[in-house]
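Dear colleague,

Please find below the structure that I am handing over to you. A short account of the findings comes after it.

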Amino acid sequence: MTDAPSAPVSRSRLDELACLVSPQADRPELPVRAPYDDSVVGAVPLCTPDDVVAAVTEAREAGAEWAAWPIEDRIAVFHRFHDALLDQRDSLLDVIQTETGKARADALEELLDAAATARYYTAIAERELASTQRNGAIPLLTKAVEHHHPVGVVGVISPWNYPLSLSVSESIPAMLAGNAVVLKPDEGTPFTALWALELLRECGLPDELFQVVTGEGPRLGDPLVEHVDYVSFTGSTEVGRIVAETAGRHLTDCSLELGGKNPLLVLDDADVEKAARGAVRGCFANAGQLCISIERIYVHEDVATAFRDALIRETRGLTLDAGYDYDHDVGSLLDRELLEKVDAHVEDAVEKGATVLTGGRARPDLGPYFYEPTILTDVTPEMTLADEETFGPVVSLYEVESVSEAIERANDSAYGLNASVWTSRPQRGEQVAARLDAGTVNVNEAYAAAWASIDAPMGGMKDSGIGRRHGRNGLLKYTESQTVATQRVGLLSPPKRGKRLWATGATAGLRIWKRLSEVLP
């Protein structure tokens, strides 16, 4: 193995970040390792369920004061945070790369997403959270107003693969809506979340409002879900079911963004060179460790050979290596467990008849967890990776005879998170997209177009989750809607006498109201 580059973040700096976790007593340390060389770069407290309960209690107290802040003051905090993220870009990218092993361009994608999320929600928060007059029961006689109140404390459980984007980008709208947040980051990547916590406090966020608890998910997940008022979880479908079951027992609302086995369709009129470049990005961004990455490609037989050759060429042109610069395209997998899963999926497929077009092997000469970007063909249903999420740099290529066949096979999955369609006619692509069972579909892009369209909702169908992030729903889901209706004149209930006349009048009134609504704007 070549010598891995030294982590640019010092141990003392990471120790400073670890001090932002405040357990109720001295706790054992949880080591954090750098995927580039498996070295220990730092440690955080191994929190307990009691620490979780204490964090929720402190957050709830701070949240009551925060909810009383004028909305413009809350917005100002996140305006400053947006600018600070961009100003401190390089130091944050160093932290993200140190604990994830991803390529720097992939780390930058996270930072840009977090900043864009802050910008978007600071722009819409005041309007969307404002009380809104609704149509009352009887025009002019009944006044109805909708209010949005914070739910209280939001629990965010975030994964390791995008430790900034999938923690901070959920916490921003929750706090703008007037809530406190208790964040449980993945045990392998806590320092990015702690860096963001430190920066938010520097930007004026009250100290106890945003709490981070570090430790093992199976031990901390249940008490967190049990004590908060809303749960945002991003992770595997298997764990998502457990979170949903626990939340259901406590009647706690939740949103879950879960796994995917995302398809990409190359239609017969596609620009195959452009499609191949887009597919490579979609398949191998963050070494395939992305819930919306592409793991299945269905290409029309008329362009299959040309696309296959272009896809192989583009994939072989990727640079796989470790480094804290922009000189390589693909970084490391997170750990040995994931490397072994990816390797097992490929080996199982090859043993059962699949063909490796390129890649297909680990690269211990580069680091302990590197794996080559891999393209397989001749994949059949009995192979594990045919329908199970690999979550690594592996994609299966299938040839189809028609668009209808591509759609049918793309939809033949338990998952429905993301999809991609490539065609020279965008309108045709949009028509195909509408027939795909996926929460987001990108036309002539792999995933970034939908992900970066923060004004539009994002989430999964089927086993890929419930609820949505982004858009106005990504803000309002963290509120309780309350309707206050005031009857200005009279009562809506039947009178003690003259009920028959009241019934006739009410029926006639509804008929007139219907006719008026058909002619009036």
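The model is predicted, so local features need pLDDT of at least 70 and side-chain atom pairs count only at pLDDT 80 or more, while totals for chains, interfaces and linings use all residues. Residues are numbered from 1 along each chain as its sequence is written, and side-chain values use heavy atoms, without hydrogens and water.

Helix α3 covers residues 71-87; helices are DSSP runs (H or I, at least four residues) and strands are too (E, at least two), numbered from the N terminus. From first C-alpha to last, α3 reaches 25 Å, close to the 24 Å expected at 1.5 Å a residue, where the expected span is 1.5 Å times one less than the number of residues. Among the buried residues of α3 are I71, F78 and L85 (buried means under 20% relative accessible area, with a 1.4 Å probe and protein chains only).

The structure holds 3 cavities of 30 Å³ or more. A cavity is a set of points, on a 1 Å grid over the protein atoms alone, where a 1.4 Å probe fits but cannot get out; lining residues have an atom within 4 Å of a point. A volume is the space filled by probe spheres set on the points.

The largest cavity has a volume of about 100 Å³. Of its 13 lining residues, L166, E257, W451, M458 and R469 are the closest to the centre. Helix α6 gives the most to this lining, with 3 residues.

The second largest cavity holds about 80 Å³. P263, R296, A410, Y415 and D437 are the closest to its centre, out of 16 lining residues.

Conventions: Buried means under 20% relative accessible area, exposed over 50%, partly exposed in between (1.4 Å probe, protein chains only). On a 1 Å grid over the protein atoms alone, a cavity is a set of points where a 1.4 Å probe fits but cannot get out, and a pocket is an open set with protein on both sides within 12 Å along at least five of seven lines; lining residues have an atom within 4 Å of a point.
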